[in-house]
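This report covers selected local features of one protein model. Please look over the sequence and structure shown here before reading on.

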Amino acid sequence: MTSAAYLSRSGQKVLLIEKNKEFGGLVNSFTRDGFHFEAGVRALENAGIIFPMLKDLNIQLEVVKSPVSVGVENEIIDIDSINGLVKYKELLIRLFPESESEINDVIKIIRKIMRHMEVLYGIENPVFKDLKRDKSFLFKKLLPWLPKFIFTVGKINRMNMPVEDYLKTIVKNPSLRDVIAQHFFKNTPAFFALSYFSLYLDYFYPKGGIGKLSEVLKIKILEYGGEIKTETKIIEVLADKCLVRDQNDSSYKYDNLIWAADLKTLYKIVVTEGLLPKFKIKFDETKSTILQNRGSDSVFSLFLEVDVPIESFRKIANGHFFYTPSKSGLGETHRKELNELLRNFKNVKKEQILTWLDKFTKLNTYEISIPGLKDPELVPPGKTGMIISLLAEYDLFKEIQKAGWLNEFISELENRILSVISDSVYPMLKDKIITHFSFTPLSIEDRVGSSEGAIVGWSFEKSMPVVNKIQISDRSVLTPVPSIYQAGQWAYSPAGVPMSILTGKLAADKIIKKMKN
Ligand SMILES: Cc1cc2nc3c(=O)[nH]c(=O)nc-3n(C[C@H](O)[C@H](O)[C@H](O)COP(=O)(O)OP(=O)(O)OC[C@H]3O[C@@H](n4cnc5c(N)ncnc54)[C@H](O)[C@@H]3O)c2cc1C
């Protein structure tokens with residue numbers, strides 16, 4: 001959508017094709033029985049990108065802060081300022097008093113990373129500025145910032161090892177390590193994971209819900225003369241003819257194509273016959289790397305409509321809450337133990353999986369979102385809508401689906417989550433749930449066409465098939481075929497909403513420049 005907005009603004013003839021009825025993919029909301037829910041991301045981080053993009057496109061979006069709370073067992077703190085880091089340190093020390101000096105070391109590192117983040121996001125991202133016209137930004141902000149940026153990038157690149165391994169060098173107690181890091185994707189680079197404290201302070205929420213961001217972009221695209229076609233799934237790209245074909249066998253001719261969806265799908269559906277050999281060879285090489293890799297961890301989300309007023313929830317935590325009901329930590333539950341179950345799936349009994357599920361739900365960290373605490377107009381009076389989610393492995397759901405008991409498994413998982421959360425942080429949930437439903441990794445794969453139900457692009461567990469260095473991020477949008485560009489969460493790693501927007505702009509810029517020459 002970012003690409004389409006910028007290209008149509010520059011006067012290009014643009015057609016945005018979307019397979020679903022609604023826009024925005026994982027930046028999307030829906031309403032059920034008067035309750036508002038997020039279908040994907042729960043709150044947005046500016047990261048020096050989203051507000052500059054909105055300003056540059058002259059888009060008004062009313063937003064509120066989306067303060068985060070963090071809780072472990074009975075200890076809950078609000079992260080409302082930089083002082084939240086001190087509260088976090090004290091929380092960890094209360095839970096793990098024997099590890100005080102190690103906790104101090106971890107907090108020192110997080111504080112250092114926060115200073116790096118201040119540099120990284122310290123100015124509006126220059127990609128969204130008109131440097132030819134905005135001389136004041138160029139001379140007063142960008143040029144003085146560049147040396148600090150280069151220095152900081154060097155530091156960041158040195159903290160690229162997986163956060164779990166990084167923490168092992170500082171913290172002996174595995175439970176403490178888990179409590180700090182188990183809600184990140186497996187093998188998340190240490191810098192990215194530990195920078196999250198800064199990002200907690202950066203979260204905001206559009207009034208009316210996350211989907212508002214996609215709505216305002218859609219309006220802008222149409223206003224600039226762009227065309228939008230929904231419920232149209234691209235199933236083939238004929239690279240030599242510059243044609244895409246949809247599920248109804250309609251074809252669309254392009255000069256330039258930006259693929260802002262799953263990259264494994266792109267590489268599977270591009271027909272390269274007729275391309276010059278140098279492009280075809282490079283394409284086949286890249287295809288083989290892309291197809292060997294996996295999407296990131298996925299997520300299981302439980303949606304609740306609750307007959308309790310939001311004020312009761314406000315007393316406990318903010319509307320965006322990372323909660324760990326047990327300080328024991330997941331240990332190997334979601335790694336070795338799960339991998340063994342999956343490796344040997346045909347011989348594993350249902351009871352073994354359910355026993356594993358008990359541990360998985362009791363020891364995990366939950367991301368809990370209550371839209372009504374951010375915008376009270378998003379719930380019926382006297383009631384509360386909640387989304388409780390945890391990172392989940394796509395392969396487990398797939399195997400269970402193949403074995404024919406997916407619905408039963410989903411109910412077992414829902415019941416366990418409800419009992420863990422109502423036995424711990426939200427006892428008022430008992431007997432007060434009007435209705436509930438859930439989305440699995442398979443629903444995500446089906447809805448946005450994301451390989452392995454991934455929610456942030458590529459897994460960090462394998463080699464990285466795309467650019468993962470910020471200083472060369474503008475190359476991330478190139479593919480081996482000169483008229484095809486890539487953008488979004490699969491084009492760069494690590495990714496999320498801001499990087500998806502940034503790559504969208506970078507791809508549009510490349511095309512605008514090419515069309516001018
Ligand atoms: C629970 C959850 C929490 C998250 N938390 C955060 C967070 O805190 N911070 C953060 O930055 N990010 C977060 N994310 C991730 C973030 O939402 C995504 O990385 C980002 O929205 C990806 O955007 P995208 O446009 O690249 O891809 P998508 O959102 O996947 O969009 C791709 C679009 O392409 C369409 N499409 C796919 N295939 C085709 C086809 N063949 N033809 C036509 N259309 C097609 C899809 O329908 C979809 O609309 C979270 C996601 C989830 C689900």
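## Helix α1

In α1, the buried residues are T2, S3, A4, A5, Y6, L7 and S8; buried means under 20% relative accessible area, exposed over 50%, and partly exposed in between, with a 1.4 Å probe and protein chains only. Because 7 of the 8 residues of α1 (residues 2-9) are buried, this helix is largely enclosed by the rest of the structure. Helices (H or I, at least four residues) and strands (E, at least two) are DSSP runs, numbered from the N terminus.

The buried residues of α1 pack against β1 (15-17), α2 (50-56), α10 (211-223), β13 (257-259) and α20, where contact means heavy atoms within 4.5 Å. After α1 comes G11, which has a positive phi near 95°.

## Basis of the model

The model is predicted: local features need pLDDT of at least 70, side-chain atom pairs count only at pLDDT 80 or more, and totals for chains, interfaces and linings use all residues. Residues are numbered from 1 along each chain as its sequence is written, and side-chain values use heavy atoms, with hydrogens and water left out.

## Helices α3 and α4

The axes of α3 (residues 84-95) and α4 (residues 100-120) come within 10 Å and cross at roughly 160°. Axes are lines fitted to C-alpha atoms, for helices over the stretch in contact, and angles run from 0 to 180 degrees between N-to-C directions. The two helices, α3 and α4, are therefore roughly antiparallel; angles over 145 degrees count as such, under 35 as roughly parallel, 65 to 115 as roughly perpendicular and the rest as oblique.

On the α3 side, the contact is made by L85, V86, Y88, K89, L92 and I93. On the α4 side, E100, I103, N104, I107, I110, R111 and M114 take part. By class, the contact of α3 with α4 has 9 nonpolar, 1 polar and 3 charged residues. Ala, Val, Leu, Ile, Met, Phe, Trp, Tyr, Cys and Pro count as nonpolar, Asp, Glu, Lys and Arg as charged, and the others, Gly among them, as polar.

## Backbone exceptions

Most residues other than glycine have a negative phi, and most peptide bonds are trans. D33, in the loop between β2 (29-32) and β3 (35-38), has a positive phi of about 50° although it is not a glycine. D33 counts as exposed because its relative accessibility is 54%.

D249 lies in the loop between β11 (243-246) and β12 (251-253) and has a positive phi of about 70°. With a relative accessible area of 51%, D249 is exposed. The peptide bond from S493 to P494 is cis, with omega near -5°, and P494 is in the loop between β20 (484-486) and α20 (497-516).
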